[in-house]
Amino acid sequence: MTQAKQPIIQIRNVSKRFGKVTAVDNISLDILAGEFFVLLGPSGCGKTTLLRMIAGFEMPTEGQIFIDGQDMSLVPPNKRPVNMVFQSYAVFPHMNVTDNVGYGLRIAGVSKGEIRDRVAEALELVKLGGFEDRMPDQMSGGQRQRVALARSLVMRPKVLLLDEPLSALDAKLRAQMQFELADLQDKVGITFVTVTHDQDEALSMASRVAVINKGEVAQLAPPADLYEYPANRFVADFVGSVNIFEGKLTLDEPDKAAVDCPGLGKIYLNHGVTGPHGADVWVALRPEKIYLHVPGEGKAVRAAAQDAPDGHNLARGTIKGMSYLGDITLYEIQLEGGQMIRVSRPNLSRHDQEDFTWDDKVSMHWRADSPVVLLS
Amino acid sequence: MSGALQDWKSQKKPFAAVVTAPVFWLALFFVAPMAIVWLYSFGQNAGPADIEISGTLDNYKRATEWLYVSIFLKSFAVATLTTLLCLIIGFPVAMAITFAAPKWRPWLLLGIMLPFWTNLLIRTYALMALMGTNGYMNKGLGELWEGASWLRTLVGMQPLDAWTPVQLLYNNFAVVLGLVYVHLPFMVLPLYSALDRLDKSLIEASLDLGAGHFKTFMQIVVPLAAPGIVAGVMITLIPALGAYLTPDLMGGTDSQMIANVIERQFKRANDWPFGAALSFLLIYAMFILIAFQSMRANKVKAA
């Protein structure tokens with residue numbers, strides 16, 4: 001993967017309106033050959049509409065979509081070099097597995113021998129060997145999804161589109177399929193474009209994620225960047241769990257910055273944020289990046305927060321809520337100013353969850369590279 | 001729900017309580033009269049209002065005369081043609097309703113069902129008024145004819161002869177048209193219910209896999225709508241086979257169907273035994289059709 005990746009799909013100023021409702025609002029983005037691209041967003045944000053426009057089931061009201069350099073404006077779905085795995089899988093109920101998977105090849109007039117070989121190969125790929133004669137109603141949801149995958153992959157499309165591929169599976173199977181899909185994509189080398197509202201799915205599978213909000217791209221970045229460097233409050237809040245506080249930018253230099261948050265206290269960052277001095281900003285702080293201490297450990301806390309000037313990146317509060325999740329414990333803490341903050345703490349030993357309980361006074365600190373300053 | 005119904009063997013008393021009344025009703029008002037008519041078919045007239053059930057097969061023998069066989073065959077042909085036309089017209093209609101915007105669907109369905117709430121006799125006479133020699137159909141055709149004639153004069157040709165109204169009524173054409181008109185809703189509703197249940201993403205999946213609209217229709221829509229098609233065909237064919245009013249009012253002298261012949265036996269000819277025999281031959285024909293259909297359904301279920 002050293003060679004420069006070429007865009008396989010180019011979306012240029014695409015808008016889609018249904019009557020007065022704007023589902024997709026002037027989106028432009030490139031999807032690169034061979035990547036696992038995820039469109040992430042809440043329901044109704046326009047991500048599925050965008051996917052359906054790539055497949056050809058919806059026509060853009062404005063703008064153009066190019067696939068492999070070719071303008072798709074006048075190309076119907078059955079002539080596009082893409083295939084789709086539908087949310088409902090859309091496995092043909094009156095055909096067995098072999099006929100389902102071979103459907104597209106039969107339509108294309110491929111010879112019987114080649115159909116047999118390619119269907120067998122595709123079924124092997126999705127681990128459905130031995131299911132050739134099964135009817136769809138004799139299969140589980142997960143197996144039907146594999147049929148739908150094989151049926152699309154057998155066509156050797158340039159791009160495989162997946163509409164909420166894991167939403168109908170139970171939690172365990174979903175986690176397994178996340179790995180399998182990523183593995184499969186790596187194996188076949190086809191560009192995958194997936195739509196999901198599930199951030200775990202997006203973070204675990206994608207090479208790049210476009211977060212869509214109200215028909216617009218809120219941020220386009222690799223998963224880790226999305227989580228650690230969200231571009232705005234929507235992304236910070238939608239991807240993962242986050243505490244957001246309003247504040248004023250009081251210091252902004254190339255190697256340091258400070259924000260005064262009335263709700264949380266003085267925030268210090270060990271990097272610049274390039275925002276106008278005195279501007280209204282928001283500080284995002286992930287729950288797992290906040291350390292909890294009992295108040296008596298004042299010295300320890302100060303020592304821990306020594307990457308910031310005195311009195312910065314510290315807070316005090318009272319535990320108002322607790323939920324033990326096994327691997328971590330979530331705490332709802334009321335700050336001295338009255339605002340709530342969420343802190344998660346890994347249970348590194350078996351009794352860690354017993355360290356804090358309701359109404360405990362606690363101190364908190366975080367590292368100077370943890371807060372993210374958001375300008376919008 | 002279904003569990004409770006399946007357990008009727010272990011819940012005999014409530015089951016009996018529910019089932020007794022309808023069984024009694026059916027026995028008294030359906031099975032008994034049918035049995036009497038069935039017995040008549042083995043009898044002969046013993047007087048103006050007296051039938052002697054002698055066990056004779058003469059009535060059935062008479063029914064095999066070419067005159068009656070040909071009317072049976074013709075009834076089948078007319079009913080089959082009607083069903084076929086209903087299917088050809090009804091399928092696009094059902095598809096259109098299925099794919100219409102959700103807010104329009106109830107209104108379109110209402111449009112299909114509205115004729116049900118109007119008396120068949122009124123509907124038939126209304127249709128006849130349209131199709132008469134002075135009806136709107138002839139008037140419309142006359143306008144077209146005159147338009148064509150005028151166009152001919154424009155290009156310097158001789159005008160056409162004056163329009164003579166076409167005989168639309170009182171022939172086989174009128175009977176088939178009337179039957180199609182009456183039976184179309186019976187075809188559209190089962191087709192609609194089958195198509196409505198069809199997952200639309202199956203159609204998209206077929207298009208996505210490279211099939212055009214026609215191939216998608218033949219390979220996906222038709223096979224999956226098959227139960228609706230079979231139901232629609234049965235529910236159209238059987239009543240059309242026994243159609244009485246439409247051929248009686250709209251048909252000519254040569255377009256009577258088997259039900260008209262049966263009616264004549266019971267009324268004008270006052271030959272109840274022969275009428276009964278013809279009736280039962282018609283019923284047997286329908287039984288055979290239904291048996292075929294359920295055998296086919298069982299085969300599909302087993303496969």
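**Note on the predicted two-chain model**

1. Strands β17 (residues 328-335) and β18 (residues 340-346) of chain A pair in the antiparallel sense over 7 bridges; pairing requires at least two bridges found by DSSP. The two strands form a hairpin with 4 residues between them, and Gly338(A) in the turn has a positive phi of about 105°. Across the pair, Ile333(A) stands opposite Ile341(A) of β18(A). Helices (H or I, at least four residues) and strands (E, at least two) are DSSP runs numbered from the N terminus.

2. On conventions, this is a predicted model, in which local features need pLDDT of at least 70 and side-chain atom pairs count only at pLDDT 80 or more, while totals for chains, interfaces and linings use all residues. Residues are numbered from 1 along each chain as its sequence is written, and chains are lettered from A and ligands numbered from 1 in the order in which they are written.

3. Chain A is assigned domain 1 (7-236) and domain 2 (243-374), with bounds taken from an automatic or database domain assignment. The centres of these two domains of chain A, taken over C-alpha atoms, are 39 Å apart.

4. Helix α4 of chain A (residues 141-153) has 13 residues and reaches 18 Å from its first C-alpha to its last, close to the 18 Å expected at 1.5 Å a residue; the expected span is 1.5 Å times one less than the number of residues. Of the 13 residues of α4(A), 10 are buried. A residue is buried if 20 or more other C-beta atoms, placed from the backbone, lie within 10 Å of its own, exposed if 12 or fewer, and partly exposed in between. The buried set of α4(A) includes Arg144(A), Arg146(A) and Arg151(A). The covering elements include β6 (82-85), α2 (97-107) and α5 (171-188) of chain A.

5. Ile267(A) lies in strand β13 (residues 265-269) of chain A. Ile267(A) counts as buried because 27 other C-beta atoms lie within 10 Å. Beyond its neighbours within four places in sequence, its contacts include Gly247(A), Val283(A), His312(A) and Pro371(A).

6. Chain B is divided into domain 1 (59-132 + 168-302) and domain 2 (136-166). The centres of these domains of chain B, over C-alpha atoms, are separated by 36 Å.

7. Helix α4 of chain B (residues 66-99) has 34 residues and reaches 49 Å between its end C-alpha atoms, close to the 50 Å expected at 1.5 Å a residue. α4(B) bends by about 30° at Gly90(B), and Pro92(B) follows within four residues; the bend is the angle between axes fitted to the seven residues ending at a residue and the seven starting there. Gly90(B) is itself among the buried residues of α4(B), as are Phe72(B), Cys86(B) and Phe91(B). Their cover includes α5 (105-113), α8 (172-197), α10 (213-241) and α12 (258-266) of chain B.

8. Between the chains, 15 residues of chain B are in contact with 18 residues of chain A. Elements giving two or more residues to the chain B side are α9 (200-208) and α10 of chain B. The largest share, 6 residues, comes from α9(B). By class, the chain B side has 8 nonpolar, 3 polar and 4 charged residues.

Conventions: Contact = placed C-beta atoms within 7 Å. Nonpolar A, V, L, I, M, F, W, Y, C, P; charged D, E, K, R; others polar.
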